[in-house]
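Please look at the fold below before reading on, and try to follow the chain from strand to strand.

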Amino acid sequence: MERAVFLDRDGTVIVDKAYLDTVEGVELLPGAGEGLRSMVEQGFRLVLVTNQSGIGRGYFAEEIVLAQHERLQELLLPHGVRFDTMVYCPHSPDVACACRKPEPGMIVDAAAKLDVDCRQSWMIGDKAGDAKAGSAAGCRTIRIGPDADGAADFSAVDLREAAAIIAREG
């Protein structure tokens, strides 16, 4: 079985712009490309798992998210990496679904599709719900930014530091 790093999108890989509704607004966070490259070099597949409730709330169309993900892949080209798959939950928080983080559905489904062992994998995000979803799926977790609530196993300033934690912890 494969190993993967599951990553939240907004606030983890790209700048969080609250209900981003343009392709032009997709902007890599500092260190994202380098951190992702390090993870790939360590033998991990990369999987984007993101809540996109703006679709369910009617703020933007699903096609916008798909175009944003294409743009993200383009921005990663100079770093020599790309996501193996990108999945998103389009539901608003008031819809009971198994895919919206903190539920683990997106992670579990992507892991099954890519033959990934979650026990050998990681989930990285900037919110407690990201860590909870990762833990529920069986992954070790890293929270980008302060982890005052202790939801994640580790905390890191950015994806470069997260990659170093993964290298150190195996």
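## Basis of the report

This is a predicted model, in which local features need pLDDT of at least 70 and side-chain atom pairs count only at pLDDT 80 or more, while totals for chains, interfaces and linings use all residues. Residues are numbered from 1 along each chain as its sequence is written, and side-chain values use heavy atoms, with hydrogens and water left out.

## The sheet

The order S3-S2-S1-S4-S5-S6 describes an open sheet of 6 strands with parallel pairing, where helices (H or I, at least four residues) and strands (E, at least two) are DSSP runs numbered from the N terminus, and where two strands pair if DSSP finds at least two bridges between them. At the edges are strand S3 (85-89) and S6, each of which pairs on one side only. From one strand to the next the twist averages 20°.

Strand S1 (residues 4-7) runs parallel to strand S2 (residues 45-51), to which 4 bridges join it, and Val5 has Leu46 as its bridge partner in S2. S1 also pairs with S4 in the parallel sense, over 3 bridges, and here Phe6 is partnered by Met123.

Which residues of strand S4 (residues 122-125) are buried on each of its faces? Trp122 and Ile124 are buried on one side, and Met123 and Gly125 on the other, so that both faces are covered; buried means under 20% relative accessible area, exposed over 50% and partly exposed in between, with a 1.4 Å probe and protein chains only. In a regular strand the side chains alternate between the two faces of the sheet.

S4 and strand S5 (residues 140-144) are joined in the parallel sense by 4 bridges, with Arg143 as the partner of Gly125. Together with helix H5 (residues 128-137), these two strands make a right-handed β-α-β unit, the term right-handed being used if, with the strands pointing away from the viewer, the path from the first strand over the helix to the second runs clockwise. In S5, 4 of the 5 residues are buried; Thr141 is found in this strand and counts as buried because its relative accessibility is 0%. Among the residues that Thr141 touches, leaving out those up to four places away in sequence, are Trp122, Ala131 and Phe154, contact meaning heavy atoms within 4.5 Å. S5 runs parallel to strand S6 (residues 154-156) and is joined to it by 3 bridges, with Ile142 opposite Phe154.

## Helices H1 and H6

Helix H1 lies across S1, S2 and S4, at about 130° to S2, whereas H6 lies across S1, S4, S5 and S6, at about 145° to S6; axes are lines fitted to C-alpha atoms, for helices over the stretch in contact, and angles run from 0 to 180 degrees between N-to-C directions.

How do the axes of helix H1 (residues 32-41) and helix H6 (residues 159-169) cross, and at what angle? They come within 7 Å and cross at roughly 20°, and the two helices are therefore roughly parallel to each other, since angles under 35 degrees count as roughly parallel, over 145 as roughly antiparallel, 65 to 115 as roughly perpendicular and the rest as oblique. Residues that make the contact include Leu36 and Met39 of H1 and Leu159 and Ile166 of H6.
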